[in-house]
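I'm opening my notebook to go through this structure one piece at a time. Here is what I looked up, in the order I did it.

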Amino acid sequence: MSWILATPIIIPFATAVLAFLFRHGPEGRWISVLGSAGLLIASVILMVEVLDQGVVAAQMGQWAAPFGITLVADLLSAVMVVITGITGLAVAIYALADVEERKEQLGYHALYQVLLAGVCGAFLTGDLFNLYVWFEVMLISSFGLLILGGQRQQLDGGIKYVTLNLISTILFLSGVGLLYGMTGTLNMADLHGAVQEVENPGLLVVIAVMFMIAFGVKAAVFPLFFWLPASYHTPAISVSAIFAGLLTKVGVYALIRMFTLVFTTDVAYTHTILLWVAGFTMVTGVLGAAAMNDFRRILSFHIVSQIGYMILGLALFTPLALVGAVFYLVHHIIVKANLFLVAGVARRIAGSTELSQIGGLYKTAPLLALLFLIPAFSLAGFPPLSGFWAKFVLIKAALEDGGYVIAAVALIVGLLTIYSMTKIWGNAFWKPHPAGLQPRLSSLPAKDRAALLTPIAALAILTCIIGLFPEPFIQFATRSAEQLLNPEIYVQTVLGAASEATQ
Amino acid sequence: MELLVALMVGVLVAASVHLMLARNVLRFIFGLVLISNAANLTIFVSGRLTPESPPLIPEGATTPVADAANALPQALVLTAIVIGFGLFAFALTLVYRTYQNLGTLNSDEMRLAEPRPAKPARAIETDSKTYIARDTQS
């Protein structure tokens with residue numbers, strides 16, 4: 001059944017080609033929506049398969065495992081691909097009304113689909129160098145999306161985004177080379193065994209820290225996050241939303257994968273660094289957000305702050321903490337992308353994302369206010385929304401592990417999150433519009449209104465479902481955390497599939 | 001031989017870090033090119049340098065002769081060079097467009113996406129004045 005693993009990569013690539021060919025007409029955007037729907041369906045089929053079998057692996061081109069490229073999906077990979085499908089489809093629908101024709105003709109939809117392919121590839125690959133290639137696919141398309149349109153602000157943000165991400169890529173590449181020199185393999189499952197036999201464990205920790213920095217830049221953790229708040233508020237709203245939802249989370253995924261599967265030889269050292277990083281990331285992110293006065297810039301800093309929670313789950317490295325990290329990843333992608341989409345609608349009807357220049361949304365657009373409140377409260381961790389359970393599990397894990405300080409930090413950061421959400425609420429929704437405008441949703445053309453609000457509503461409903469019925473999701477995260485902490489099944493599936501292929 | 005290549009990687013990294021610390025974005029990009037070459041050499045040398053035998057499988061055999069050169073790092077380096085070339089071309093175009101649009105290559109002056117607060121609070125007023133003075137000097 002190896003084709004199932006490849007479909008989440010092939011579908012977006014094929015869609016990208018078609019969308020590029022039809023970029024001058026209205027067909028292009030519908031091809032993008034259809035392709036994203038196809039991706040979602042493929043990812044759900046993959047998920048069913050993984051739920052049924054545990055870990056699914058396939059050898060590309062029938063080359064046996066440690067030598068060829070392996071695609072693997074365990075529960076974490078599968079759920080990340082499903083979430084990519086969901087946000088991908090939501091943002092593709094939103095883009096119907098958000099992206100201007102000029103950007104479409106420049107190839108917006110093709111770049112967008114290549115980005116999705118890169119993200120899915122990064123989640124599914126079982127080979128370290130292949131992961132590097134997927135990172136590059138993702139990066140190059142994100143560069144294009146970020147500066148598409150070529151406004152001065154975008155170019156300015158683009159310079160910082162491009163340069164800092166290229167440095168991280170080069171660190172990653174050097175790390176891959178050194179790790180290969182030390183172990184003689186690039187297959188992640190094979191590496192799990194090979195690192196145990198390395199003669200010089202000290203050097204291995206050095207390489208682990210190289211990977212930590214490389215993925216840390218991608219995940220935007222303290223003190224490597226500066227490219228994110230410099231660039232995420234500059235491109236089109238749909239681009240901001242998909243970046244906010246998915247890109248940094250690929251970095252977090254790579255950190256979780258490498259530091260549960262490969263670099264577990266000196267947990268006391270590496271995961272203590274991660275713990276400090278998590279704490280500082282949470283605090284600096286939320287303080288940065290408190291200082292901002294723009295809808296999207298506040299949200300950008302909150303991405304940084306929330307990444308801290310996920311890293312916290314990895315750093316504690318207990319079963320419950322990893323449950324929290326997986327749950328947080330899923331919840332965060334949905335909520336964060338949704339908040340950016342809401343910011344886009346606010347800009348459309350009120351004229352700006354600068355909080356001092358907008359207002360009055362609650363009185364004249366109460367539906368949008370409701371759709372903002374759900375993800376905003378979820379982000380801050382109000383029961384009964386999804387963010388509450390995510391934070392609850394993580395803080396419980398921290399307390400069980402004796403990390404009272406980090407638990408306190410996590411709680412205080414939650415409080416400060418409420419502060420910035422209240423700031424957005426008070427300024428954008430409550431206070432009257434400074435220019436006396438009465439922003440109304442009905443001022444949008446009916447078609448645009450449907451395209452903009454449907455994905456927001458769908459994601460908000462999903463947040464509520466996760467919040468009201470957390471049990472199956474927690475159970476799923478528990479199974480996923482078990483797989484992460486006992487990589488033997490993962491390793492056996494990858495390498496076992498290899499021996500079958502050679503027979 | 002390994003030592004020589006390792007030293008060369010060190011020199012390349014040192015030079016590129018020096019370039020990347022500059023405020024001029026163009027110098028930064030040149031630094032990136034150097035450091036990506038250093039990374040490529042690192043991969044190359046991690047595959048061990050065996051100058052004598054090419055990685056060819058003799059006719060009739062299924063494995064290459066003993067001590068053959070490792071072909072995998074070369075394949076990796078080749079991929080990395082191609083990707084690096086594409087990224088460099090993009091970065092250079094981006095820097096050129098930025099220069100055309102913003103009229104500067106000094107990264108300190110690139111504050112469009114993150115403008116400084118228009119009205120600094122009174123407490124930090126003296127501070128911001130020194131910043132402005134420094135800006136006008138550069």
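**Confidence first.** I began with pLDDT, which is the predictor's confidence in each residue, from 0 to 100. I also needed the rule for elements: helices (H or I, at least four residues) and strands (E, at least two) are DSSP runs, numbered from the N terminus. Two residues are in contact if their C-beta atoms, placed from the backbone, lie within 7 Å. Where pLDDT is low, the predicted coordinates should not be read in detail. As for chain B as a whole, its average pLDDT is 80, and 84% of the residues score at least 70. The model scores ipTM 0.83 and pTM 0.90.

Residues are numbered from 1 along each chain as its sequence is written, and chains are lettered from A and ligands numbered from 1 in the order in which they are written.

**Chain B.** Buried residues make up 25% of its 138 residues; a residue is buried if 20 or more other C-beta atoms lie within 10 Å of its own, exposed if 12 or fewer, and partly exposed in between, with C-beta atoms placed from the backbone. Of the contacts in chain B with a separation of 6 or more, 52% join residues 24 or more positions apart.

**Where the chains touch.** I counted 27 residues of chain B in contact with 27 residues of chain A. On the chain B side, helix H2 (25-46) and helix H3 (71-102) each supply at least two residues, and H3(B) gives the most, with 13. That side divides into 17 nonpolar, 8 polar and 2 charged residues. Here Ala, Val, Leu, Ile, Met, Phe, Trp, Tyr, Cys and Pro count as nonpolar, Asp, Glu, Lys and Arg as charged, and the others, Gly among them, as polar.

**Two strands in chain A.** I looked at E1 (residues 56-59) and E2 (residues 70-73) of chain A, which pair in the antiparallel sense over 4 bridges. Strands pair if DSSP finds at least two bridges between them. A:Val56 stands opposite A:Ala73, and A:Gln59 stands opposite A:Thr70. Both faces of E1(A) are covered, with A:Val56 and A:Ala58 buried on one side and A:Ala57 and A:Gln59 on the other. E2(A) is covered on both faces too: A:Thr70 and A:Val72 are buried on one side, A:Leu71 and A:Ala73 on the other.

**The core.** Which residues touch the most other members of the largest nonpolar core? They are A:Ala337, A:Ala346 and A:Leu394, out of 233 residues. Helix H14 (residues 319-350) of chain A gives the most to this core, with 22 residues. A nonpolar core is a set of buried Ala, Val, Leu, Ile, Met, Phe, Trp, Tyr and Cys residues joined through C-beta atoms within 7 Å. Among the residues that A:Ala346 touches are A:Phe295, A:Ile358 and A:Ala428.

**Helix H17 of chain A.** I checked that H17(A) (residues 386-400) has 15 residues and reaches 22 Å from its first C-alpha to its last, close to the expected 21 Å. The expected span is 1.5 Å times one less than the number of residues. Its buried residues include A:Trp389, A:Lys391 and A:Leu394. After H17(A) comes A:Gly402, with a positive phi near 85 degrees.

Key: Predicted model: local features only at pLDDT ≥ 70, side-chain atom pairs only at ≥ 80, totals over all residues. Lists of a residue's contacts leave out its neighbours within four places in sequence.
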